[in-house]
Amino acid sequence: MSPDDPLWYRDAIVYQTHVKAFQDSNGDGIGDVRGLTSRLDYLAELGITALWLLPFFPSPLRDDGYDIADYTGVHPSYGTFGDLQELVAQAHARGIRVIAELVINHTSDQHPWFVRARNAPRGSPERAWYVWSDDDRAYSGTRIIFTDTEISNWSWDPLAEQYYWHRFFSHQPDLNFNNPEVIGAITDVMRFWSKAGIDGFRLDAVPYLCEREGTNNENLPETHAVIKILRAVLEEEFPDRIFLGEANQWPEDLSSYFGDGDECHMCFHFPLMPRLFMAVADEDRYPVHDILRQTPPTPEGCQWAIFLRNHDELTLEMVSDRERERMNAVYAVEPRMRINVGIRRRLAPLLENDRRRIELLNGLLMSMPGTPVIYYGDEIGMGDNLFLRDRDGVRTPMQWSPDRNGGFSTTEPVRLYAPVVTDPTYGYAAVNVETQLRNPTSLLDWMQRIVAVRKATKVFGRGTLTLLYPANRRVLTYLREYDDETVLVVANLAGTAQAVQLDLAQFAGRTPFEMLGSSAFPPIATAPYTITLGAYGFFWFALVRDPSGTAAPIRSTALPELPTIVVPRGGLALDRWARAAIDTDLVPRALGASEHGRVSDVFTAPELDPALMLVVVADGLRRISLPLRFVWGEPVREDAVGRARSGPREGWIVDAGADATTAPSIERAMRSGMQLRDEGTLAFGWESGPVPDVVTSQRLGSASGAQRWILDDARLLTLYRQMPQVQNSAVAIMRHLREGGFAQAPELFGTALIADTDGTSWVAATSQRYIPHSTDAEASLREILHGGTADERLIRSAHNVADALASLHRALATPGSDPAFDTRPITPADLAAWRETARAELDALVNAGVEGVVTVRERVERVLDALPERTDAASSRAHGRLTLRRVLLVDGVPTFVGFGETLDDRSSPLKDVASLARSFDLVTRETIFASAHDPTTDHGEASVAMRDVAARALDAFLTRYAESASDLPTLPRDPSERAALIAFFRVRAALRDIREALARRPATLAAAVDALHAELTS
């Protein structure tokens, strides 16, 4: 413990215990302060740096001490004030700070303040210390917290002849913090214990301090004003003491208790805790990602307190009804495991005593942003006693040894304040400190090691958090960074082994050093980094330049001979020789092609980013964007595409699209409206409201050569390699949808557009709203297929997607400011052209000798010939690249992403319907194929069931779409025409997939041919 560090709490490891539950020193069956003092060496060896004590004050103990009768004393059962002073002194000598409860919302009804108030006349200053009313109808909008025991927040007092207010039990009247005298009294209590050496105060139930009619009486401004007063006194008189706020609220309300850094130093992150358990139950990182993205940043010097379990129930107040049902189904299968709106179980029983899951959750606890809190006994895997009332089942005596009463007390077992756990799995004979201290593979030994590793660095307590988004959602990955330290956390949330590929190109050359096992892994290169994890396994990797602390060695042969680009000493402006070298030497290496167009533009903006250059390559009707970054004074860069020299200074040229600083610079240029000129013009624009400067930039990965970055978990910035023309891009579609008020698509925020000398505009970058989602339509269908039942959920999901697609097509067909979105009749010439184009594609594949196409040529021709000669439908723009994976389900609502139709491809929106129908079939075939490797199922029966489910889903989708889109001019009135058009588009898409596979991805040719055969069969 550093006595001079005012931010000590940010690096702390907190241990929570009740005095009565830890150690009995006098044999009366109740733990006491002297017993706790005798066990401080154990806590020091565990590695904890702060000890949080539950209430030890005089109390009738009707709520385990949270019903305080005297704020400045020690309960006689626990010892004396002198005993407590000795505990504090001995703890400080071992580097352990002491945090006490400051239960200020309410007192016991036996507290002298309340006794005085109820006996005082109405309207007197004494009575005004509590909240009174002549009836029980006031504050009717306030919820009841203890729904299992209380029916009202008001209770009648026959002596006072008034109702008194209580947010918790009826024997705990709430103090009146609208009374300055009450604030003054609590301030004196805080001073008393601070002078006694207490290092911090847990502020219990702070959201409920003040009341005001017409509100829900939670998180009121008056409450924050009270906390600010207390904090101001603490800062002035005891600047090294802290407040730890207990506010079981949603993140936006919870974070308000930091104030502007002038309220609580720390707050418990209640919403995160249940989502850690959800993520493991569902084997999906989304619950954790989702709540962390919802969590506002903390003010300077403030900190979250993270916990897995504590003395109360595992609260489920801050989850949805659906999430609560899921948690109860997994973790509280018996009704007696539940209480109020939560689960009354300890950590080990919650996880079925699975050592792997216990370690996993502790690994997350210790590496998440915040200060970890360990509940007593969880370090050895103690169990609970569900036969005790209320929450007493998780407050049983500490189990020290296999001796009598678990070594907790020498008294007769019947005299214990609560029985020691004795069942075969969690009983003290099997689970105790003494036995685990002798076992180097015990949970306790492992906990000591992970605590020691966490304490060895400040990165976990003070570092930033950056979420990573690998494709495998069963793996949770994130970066913690502080000063020059970077730690990568990789955690498998699944009960099966998992592999994950991570884009770590920005750390190329560094070595992942596994911190818990002291093992060096292979160095990181620019290629995706693959990590495999066992069931519920996790790694903490320190990304170091070398495990020994020096620069990581790189072989001289690691890089081929690279061209050197000479730039002026004053910046990145290029002369004609440097420009020619980029054109002839650097661009071919960067693009990986021997043939390419010529450099048409080179854009730089020193005031924006002096190391960034955007090169535009013109290749016929294509435009390629190549962002480059000049890196000076660094060791060899494995990802370099060229060398750079400016006078005597040497450096490297790398692809800026893979650099974390590029995307924020591009968005900053968009917000500024900057314009850059070369032969053409690069115009940045912002089309939305103001946003703050970027704090976090996380690479999502590449798609079709484009680099995608998530900014502040709120916006998705895309850097295009193959730049589309504006009219052929998602920019045009998103603008039109926004103009028409269509909300089930991403909102466009900003653009970077390059105009050629002939006026053609190309999209270099876009910024749009990032849509976090728990699943998409493809994953939902796979889940339902595995269930094998076409239930109501399946039909409802198919209808939702159909309705949303009809709404999308309606919006695309609605006239707007862009004439490219006007509808026009489909003429016989149009239909003939579509048919001839598809025939030409078929002939090309037959001539290429694709056997699987040759054998079905006549069947394909019949489908093409079935295209009607004329139709009453109109043509309009469509999504163009629609699959089930591009239909995100955001709280069950379909949202479309990945638009890609070009203006030349404009035909009928029924091609989107055809694409989704093909996607239904493809997912079904893949799922059936995967089930063939499952030895627990009958593959034949499973495949029949899956095909039936998929057929019902597809039929429900097609039928509903026809109903929902019946008013659209783009939908033929004749059902047979609709069917013929959909069949035509399905087969044409299959032919195009075969052509693409033949030209670019030969390994997928067989699957593409199989898909064509499936189309003909359907």
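**Salt bridges in a predicted model**

In this predicted model, one network of salt bridges joins Lys20, Asp63, Asp64, Asp312, Glu313, Asp390, Arg391 and Arg395. Local features require pLDDT of at least 70 and side-chain atom pairs count only at pLDDT 80 or more, while totals for chains, interfaces and linings use all residues. Residues are numbered from 1 along each chain as its sequence is written, and side-chain values use heavy atoms, with hydrogens and water left out.

User: How many salt bridges does a search of the whole structure find?

Analyst: A salt bridge is counted where a side-chain nitrogen of Lys or Arg lies within 4 Å of a carboxyl oxygen of Asp or Glu. Searching the whole structure by this criterion gives a total of 80.

User: Which helix holds the lysine that forms a salt bridge with aspartate 262?

Analyst: Aspartate 262 pairs with lysine 228, at 2.9 Å from N to O. The two are 34 residues apart, and aspartate 262 lies in the loop between α8 (251-254) and β9 (266-268). Helices (H or I, at least four residues) and strands (E, at least two) are DSSP runs numbered from the N terminus. Lysine 228 belongs to helix α7 (residues 221-237).

User: Is arginine 438 buried or exposed?

Analyst: Arginine 438 forms a salt bridge with glutamate 434, with the closest N and O atoms 3.3 Å apart. Buried means under 20% relative accessible area, exposed over 50%, and partly exposed in between (1.4 Å probe, protein chains only). Glutamate 434, at 32%, is partly exposed. Because its relative accessibility is 58%, arginine 438 counts as exposed.
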